[in-house]
Amino acid sequence: MFSDMFSLKLQNKRASLNQQIIKQMRMRAGAENLLKATSNNKVKEMVLLELSYVNSNLQLLMGQLEGLNSSVEVYQSSQETANIPLIALGLKETKEVDFSTLFKDFILEHYSEDGNSYEDEIADLMDLRQACRTPSRNEAGVELLAKYFSHLPLMESRFFSPNRQTGIFFTWYDSFTGVPVCQQNLSLEKASILFNMAALYSQIATRSDRQTITGLEEAISSFQIAAGILNHLKETFTHTPSYDMSPAMLSMLIRMMLAQAQECLFEKTALPGIRNQFYSLMKMAQEAAKVSEIYDQVHQSMIQTPIKDNVPFFWSTMSQVKTNHYRSMAHYFVASALLDHQLGPSDDEDQQEKTLSQVYDRLPEGRSPLDILKKKDERERIGKAHIRRAILGHEEALRIYSLCHHLNKLEVLQDILKASHQRSLNKYSENENEEEFADYTEKTTPQPMKISFFSAKQRWTAPRTIHLRPEDRDLGFTLKGETPVQVVSLDPLCQAAADGLKEGDYIVAVSDTDCKWMSVSEVMRLLKDVNEEGIDIQVVSMMDSNPPMSATFCGNLPKTYSMICLAFDDDDKNPKSRKVTKKSSFISWGLKNKLKSASTLSLPTADHSGALPWNKPCPTFPSSSSYNNDSALY
């Protein structure tokens with residue numbers, strides 16, 4: 001009940017902000033028209049001053065609206081949770097509509113009856129629409145919207161003829177920008193009701209109790225239904241003028257709903273407890289890697305123009321944090337499987353070899369899965385490399401978390417990220433051998449990346465020098481990958497693109513600094529304080545027709561590629577208008593996969609009792625599991 005009251009209050013604030021935004025936009029339109037019409041220089045100066053004032057107010061209002069959109073996640077705070085927060089959609093706002101005059105005139109004109117005799121029925125319909133403006137955040141609210149939606153086709157066929165001007169305008173506000181959209185037909189009304197049904201299901205999902213199997217199943221189902229409704233909206237209403245229902249935005253929202261459903265499925269798998277056993281840990285590693293890959297696809301969708309200009313920064317930052325967090329967890333689980341377990345006489349050698357070969361896309365030259373399993377030194381070296389990757393990934397997740405002040409309000413997320421980081425540090429300390437690890441770091445750690453990238457088997461272009469000059473502190477591209485760092489999301493109109501930079505290029509030097517083996521965060525630090533004069537970088541391009549594959553692990557799923565969500569319908573057949581994101585050079589989904597993965601996972605939870613969650617005793621898996629019941633719980 002308290003959550004519904006809070007949600008209603010949030011809606012009222014958003015409606016008030018929408019009205020203020022409309023007022024400022026009207027003032028701006030009037031000032032721009034006056035600026036075009038006048039030739040008086042003094043008047044132009046006054047209008048320009050007024051425009052700067054109005055634009056400043058608009059930016060402030062848009063910032064407040066983004067803050068409210070970021071607050072939709074408070075819908076799940078009716079109970080204290082120790083899970084990573086999820087994102088819910090906000091409802092679209094609308095104005096009141098009076099049907100009475102239209103219906104009464106129509107009845108009198110076509111049936112020669114007094115429309116006043118149907119006042120009660122007309123009032124019931126208007127009350128139903130009014131109730132749909134503030135539905136409750138539960139199944140009853142969804143049923144209310146579905147009931148009104150079922151009336152709309154009947155109303156449209158009877159009262160809203162395409163050849164007749166009704167004089168009734170349906171006004172709905174964009175849920176991200178607050179910009180109003182107005183139409184006389186019912187298409188906008190139907191599309192907006194569907195969008196709100198999907199938003200309600202996403203809010204139901206975020207409010208589910210994810211500490212129970214039943215609550216997680218409810219969250220998974222609700223997110224899947226929300227994605228289905230959004231997909232139906234995208235396929236059915238293809239020309240909706242509201243930007244939050246454009247094909248590009250809907251494609252991104254569908255991905256986000258499915259990613260969160262996958263995350264909840266992972267939590268459901270991990271909830272009974274994870275055994276500290278080779279097969280169990282490897283399965284968890286594969287599943288965590290899959291969650292990371294999906295969130296990376298969501299993030300790539302969010303940072304494309306024009307979506308990135310309207311999606312709250314909170315959302316894109318959260319998806320980036322989860323990408324790094326789950327990727328680091330995958331490394332941690334592989335490290336634990338290799339460091340905590342040895343191949344014993346009673347173990348199934350063939351099964352372990354098969355499991356390990358499915359985890360990796362490609363192993364370094366001279367190494368086979370069986371060699372890693374049998375040779376203790378090799379097993380420890382690979383395990384330590386993974387745990388180091390886990391530590392670096394957790395640190396990157398914490399760094400990204402600190403950049404968004406909306407995320408900083410979510411203390412539970414910070415607790416989980418810190419606990420995960422500490423757990424990896426503890427694992428590193430348990431297996432630390434300074435002399436051995438220093439030797440491995442020097443000679444072996446870069447080996448997987450050297451074999452995958454800078455080897456005689458690959459054909460490379462000669463290094464090219466590109467001059468970077470920031471425009472409004474923006475270099476015009478983003479970076480991704482482990483080492484070497486790859487250029488993605490390149491703005492074709494930026495200075496770097498004009499100077500010859502291409503999407504997919506690898507950065508090998510920044511000024512005089514060799515960065516072939518530097519991570520994304522290290523390269524970003526080199527580019528962070530570039531002045532107006534700019535800086536030179538050196539890049540190379542891969543000439544091989546085959547995509548690069550890393551010596552890192554993958555899940556039991558078919559090889560997949562993420563499609564960048566652009567401002568066009570996914571059904572667009574023009575190949576030049578499509579972009580495909582490069583496969584991550586860190587975790588990919590292998591060529592050797594023969595089994596299908598049945599779930600997705602996430603693990604660490606915030607511990608408010610003072611102890612780390614991974615040190616708590618966990619219940620065992622059901623007895624039907626094939627796991628060894630004598631194994632210690634992890």
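Me: What is the expected span of a helix?
Reply: The expected span is 1.5 Å times one less than the number of residues, where helices are DSSP runs of H or I with at least four residues, numbered from the N terminus. Helix H9 (residues 278-302) has 25 residues and reaches 36 Å from first C-alpha to last, close to the 36 Å expected. This is a predicted model, in which local features need pLDDT of at least 70 and side-chain atom pairs count only at pLDDT 80 or more, while totals for chains, interfaces and linings use all residues. Residues are numbered from 1 along each chain as its sequence is written, and side-chain values use heavy atoms, leaving out hydrogens and water.

Me: Why is H9 called largely enclosed by the rest of the structure?
Reply: Buried means under 20% relative accessible area, exposed over 50%, and partly exposed in between (1.4 Å probe, protein chains only). In H9, 23 of the 25 residues are buried, so the helix is largely enclosed.

Me: What makes Phe-278 buried or exposed?
Reply: Phe-278 has a relative accessible area of 4%, so it counts as buried. Tyr-279, at 27%, is partly exposed.

Me: Why is the pair of Phe-176 and Trp-315 called edge-to-face?
Reply: Rings of Phe, Tyr and Trp (its six-membered ring) pair if their centres lie within 6.5 Å; planes under 30 degrees apart are stacked, over 60 edge-to-face, the rest tilted. Here the centres are 5.4 Å apart and the planes at 80°, so the pair is edge-to-face.

Technical notes: Helices (H or I, at least four residues) and strands (E, at least two) are DSSP runs, numbered from the N terminus.
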